[in-house]
Amino acid sequence: GGGGGTGAGAGAGREYAEARALGRGEREALFAVVLYFNQVARAGVEFVDLARDAPGLPLRAEEELSAFADPLEPRTAAGKAFGALRALVLQHVKTEHWQALVRQTTTFTNPPPDEYERPDEVREVPLNRMKAKHALTEAAEGRGPRELLRASLFGQLWEGLRPLDDRALRRGFVHMQDAGQPRAFYVKFQGEGVDDHGGPYRAVFHTALAEEAPGALELLSPCPNARAGRGGNQDKVVLNPARQDPGALAQYAFLGRLLGVACRHGVQAQLALPRLVWAPLAGLPLRDQDLREIDQGLDLNLRRVAQGLLDPEEERELLRELLGPSAAADLDDLLPPPAGEGGGAGEGKGE
């Protein structure tokens with residue numbers, strides 16, 4: 001069947017609840033069916049088109065437009081069917097498919113003549129950790145955003161990897177002394193006398209992504225629940241809404257590239273992103289509770305608006321809070337005046 005993955009999570013929850021009510025023999029039979037389905041899925045998933053975009057795809061009839069209306073759904077019938085059953089696919093089957101995709105899209109690196117040497121195609125990036133630590137901790141006060149960015153490991157990585165295109169970052173070279181750690185580049189910590197055999201490579205991702213991005217660089221900020229000190233998931237971080245400066249978009253793009261490289265190479269960084277951020281990236285639909293889990297106050301106010309529990313002035317104040325100071329100044333020109341205030345030219349004319 002079709003239906004896409006929109007209701008897959010909720011549907012699977014109901015199915016598992018029903019399965020728990022079955023007898024032992026029925027549960028064993030159901031488990032056998034799930035195992036058989038995963039054997040078929042493991043063999044067939046590589047032939048299923050799971051892409052969600054369909055640019056330039058010819059449509060044979062107008063009714064087919066509905067199949068591409070939802071950008072979260074795969075563009076093929078097989079993809080929709082597989083997406084609707086994603087909750088039944090076991091974790092190791094998904095992991096195997098992901099690893100196969102990584103292998104197939106890895107850029108080949110010519111091995112060096114001597115196995116102890118480094119290949120010329122893998123770039124070495126010089127980084128100064130002491131400079132970054134001093135700039136971001138002891139001397140952060142008084143430094144402008146550009147100075148902090150240039151001094152940070154994030155900024156140094158950005159500058160060092162600037163000449164590399166996406167194809168170069170998809171390398172997965174493994175040196176015999178790196179204990180199986182794939183890499184797209186080498187790290188050279190200046191003034192430390194440390195050889196990069198995998199540890200420095202992993203450390204720089206952790207510092208740039210988990211420490212600097214949500215720290216001094218303010219690319220990420222604590223979720224509203226954390227700032228208000230109420231509700232759950234106060235450990236989560238979200239994209240910083242205050243970062244609307246011209247260079248922010250390029251920094252977020254590089255943040256995404258670093259996350260992609262770390263994900264391909266199995267480098268773990270303690271970056272607590274909520275489902276509201278990562279679900280769209282994974283092609284999963286957003287749920288009502290996704291907002292509630294990180295912004296309990298906004299969720300409550302929006303539900304009050306939907307129920308008509310706020311007066312017009314309270315709604316205007318809520319919009320000012322949502323739009324931020326940059327757009328709040330234009331709010332009075334966009335919205336009609338509250339009841340009881342001057343009607344301007346239309347007053348007294350029955351308008």
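Two definitions before you click: buried means under 20% relative accessible area, exposed means over 50%, and partly exposed is in between, using a 1.4 Å probe and protein chains only. Helices (H or I, at least four residues) and strands (E, at least two) are DSSP runs, numbered from the N terminus.

This is a predicted model, in which local features need pLDDT of at least 70 and side-chain atom pairs count only at pLDDT 80 or more, while totals for chains, interfaces and linings use all residues. Residues are numbered from 1 along each chain as its sequence is written, and side-chain values use heavy atoms, with hydrogens and water left out.

**The whole chain**

Start with everything shown as a cartoon. The protein chain has 17 helices and 4 strands. Of its 351 residues, 33% are buried. Switch to a surface view: the accessible surface is about 21500 Å², and carbon and sulfur atoms own 55% of that. (Areas come from the Shrake-Rupley method with a 1.4 Å probe; for residues, only the protein chains shown count as cover.) Contact, here and below, means heavy atoms within 4.5 Å. Among contacts in the chain with a separation of 6 or more, 58% are between residues 24 or more positions apart.

**Helix α3**

Select residues 77-84, which form helix α3. Which of its residues are buried? Color Gly79, Lys80, Phe82 and Gly83. Now look down the axis of α3: those buried residues fall within an arc of 165°, so they line one face of the helix. (The arc is taken over the directions from the helix axis to the C-beta atoms.) As background, an α-helix has 3.6 residues a turn, so residues three or four places apart point the same way.

**Threonine 109**

Next, pick threonine 109, in the loop between α4 (91-104) and β1 (123-127). Buried or exposed? Threonine 109 counts as buried because its relative accessibility is 9%. Show its side chain and that of arginine 171: the two make a polar contact at 3.1 Å. (A polar contact is a pair of N or O atoms within 3.5 Å; within protein, one must be able to donate a hydrogen and the other to accept it, and residues adjacent in sequence count only if both atoms are side-chain atoms.) Leaving out residues up to four places away in sequence, threonine 109 touches Pro119, Glu121, Val122, Arg171 and Phe173.

**Strands β1 and β2**

Move on to β1 and β2, which run parallel and are joined by 5 bridges. (Two strands pair if DSSP finds at least two bridges between them.) Click proline 126 and you can find its bridge partner in β2, lysine 188.

Select alanine 151 in helix α6 (residues 145-151). Alanine 151 is buried, at 4% relative accessibility. Beyond four places in sequence, alanine 151 touches Lys131, Ala132, Ala135 and Gln156. Try the distance tool too: alanine 151 and leucine 127 are 24 residues apart along the chain, with 9.7 Å between their C-alpha atoms.

Then jump to glutamine 251 in helix α11 (residues 248-264), which is buried at 8% relative accessibility.

**Two positive phi values**

Most residues other than glycine have a negative phi. Glutamate 218 has a positive one, near 55°. You'll find glutamate 218 in the loop between α9 (199-212) and β3 (220-222), partly exposed at 46% relative accessible area. Asparagine 233 also has a positive phi, about 55°. Asparagine 233 is in the loop between α10 (224-228) and β4 (237-239), and counts as partly exposed at 32%.

**Last stops: cysteines and asparagine 301**

How many disulfides does a search of the whole structure find? The count is 0, taking a disulfide as a pair of cysteine sulfur atoms within 2.5 Å. Compare cysteine 223, buried at 0% relative accessibility, with cysteine 263, partly exposed at 47%.

Finish at asparagine 301 in helix α14 (residues 296-306), where asparagine 301 is partly exposed at 21%. Past its neighbours within four places in sequence, asparagine 301 is in contact with Leu310 and Leu318.
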